[in-house]
Amino acid sequence: MAAEALDALNPRPGGRYADGTIGGAGHAEKILAASSPTGWLSGCDRDGAAVEAARARLAEFDGRFEIRRGNFAELAGWIPAGSCDGVLLDLGVSSPQLDSPARGFSFQQEGPLDMRMDTRQSLTAADLVNGASAGELAGIFWEFGGERDSRRLAQAIVHDRQRRKFETTGQLADLLERLMPRHGKKTHPATKVFQALRIAVNDEMGSLKAGLAAALEILKPGGRLAVITFHSLEDRAVKNFGRARARDYVSAGAVDVPELRAPRAPELKWVARKAVKPAEAERMENPRCRSAQLRVFEKL
């Protein structure tokens, strides 16, 4: 989706851009190259290793970027309002995080049950699995993973942790596979639970809502916001944000009642109503991008 995201932002010489999920700096490198010789990039990432990798990769553009370790929800706290020509948010977990057993994001490799994007925070997946009630765990599995068997899985976890605390990804994945045998299915039964725990540990949905608002604040009129999502929960939040900010009215209550609407100027417009999805060739080359969707908005 890198090419599509770059096309959506349309970086130009001298432009100012923000990358709220800089990761390995693949997008940032292309933005800085396209905005040469004087374009500027502000970037951040929760992951300290990603920040260091990005700084190293962008060394040739020294003097044209600033990278901070932090959450994109905080962008408006250090980037001036109305200063950016484009903002990019590439959501979800990165390949380096997934591929590192020590980070505990993947059920396919044995590692500590961690899942923190920012290792400075105290809460880990193990803390949730070993400390949350069955009701709390079931809520996490259902809300953030869409796991239909959430209650049964949560109760089994609470039962098993009384004998032995869950410390590794393998322990949890093995329990889930025993409870829900694959029977030839491609998808591992731990997929939804691991996704849900990761989202909960990192408060990804709260960060996304705050980050979208921050991105809109730092954009110039005419500036573009490009968001790449990887699951329906993220995509729904992005669509709801777009719909609300593109309306020419606000509703007084939780339910949109036409008689209670108050007029207001819309803040953005959709560049395209339909999400951009990766081409077949890209999905073949990188299976992890198969669920990616790109949505683009322009500030009015």
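Biologist: Which residue stands opposite Arg224 in S9?
Modeller: Glu298 of S9 stands opposite Arg224. This is a predicted model, in which local features need pLDDT of at least 70 and side-chain atom pairs count only at pLDDT 80 or more, while totals for chains, interfaces and linings use all residues. Residues are numbered from 1 along each chain as its sequence is written, and side-chain values use heavy atoms, with hydrogens and water left out.

Biologist: And how many bridges join S5 to S9?
Modeller: Strand S5 (residues 219–229) and strand S9 (residues 293–299) run antiparallel and are joined by 6 bridges; strands are DSSP runs of E with at least two residues, and helices are runs of H or I with at least four, numbered from the N terminus.

Biologist: What's the strand order in that open sheet of 7 strands?
Modeller: The order is S3-S2-S1-S4-S5-S9-S8, with mixed pairing (two strands pair if DSSP finds at least two bridges between them). Strand S3 (65–69) and strand S8 (268–270) are the edge strands, each pairing on one side only, and neighbouring strands are turned by 15 degrees against each other on average, direction ignored.

Biologist: Which strands does H10 lie across?
Modeller: Helix H10 (residues 204–218) lies across strand S1 (16–19), strand S4 (84–90), S5, S8 and S9, and runs at about 150 degrees to S5 (angles run from 0 to 180 degrees between N-to-C directions, and axes are lines fitted to C-alpha atoms, for helices over the stretch in contact). Helix H11 (residues 232–246) lies across S5, S8 and S9, running at about 125 degrees to S8.

Biologist: Switching to helix pairs, at what angle do H7 and H8 cross?
Modeller: Helix H7 (residues 150–161) and helix H8 (residues 169–179) cross at roughly 130 degrees, and their axes come within 11 Å. That makes H7 oblique to H8 (under 35 degrees is roughly parallel, over 145 roughly antiparallel, 65 to 115 roughly perpendicular, and the rest oblique).

Biologist: Which residues meet there?
Modeller: Arg152, Leu153, Ala156, Ile157 and Asp160 in H7 meet Leu172, Leu175, Leu176, Arg178 and Leu179 in H8, contact being heavy atoms within 4.5 Å.

Biologist: What about H1 and H2, how far apart are their axes?
Modeller: The axes of helix H1 (residues 2–9) and helix H2 (residues 26–34) are 10 Å apart, and the helices pack at an angle of about 40 degrees, so H1 and H2 are oblique to each other. Ala2, Ala5, Leu6 and Leu9 of H1 make the contact with His27, Lys30 and Ile31 of H2.
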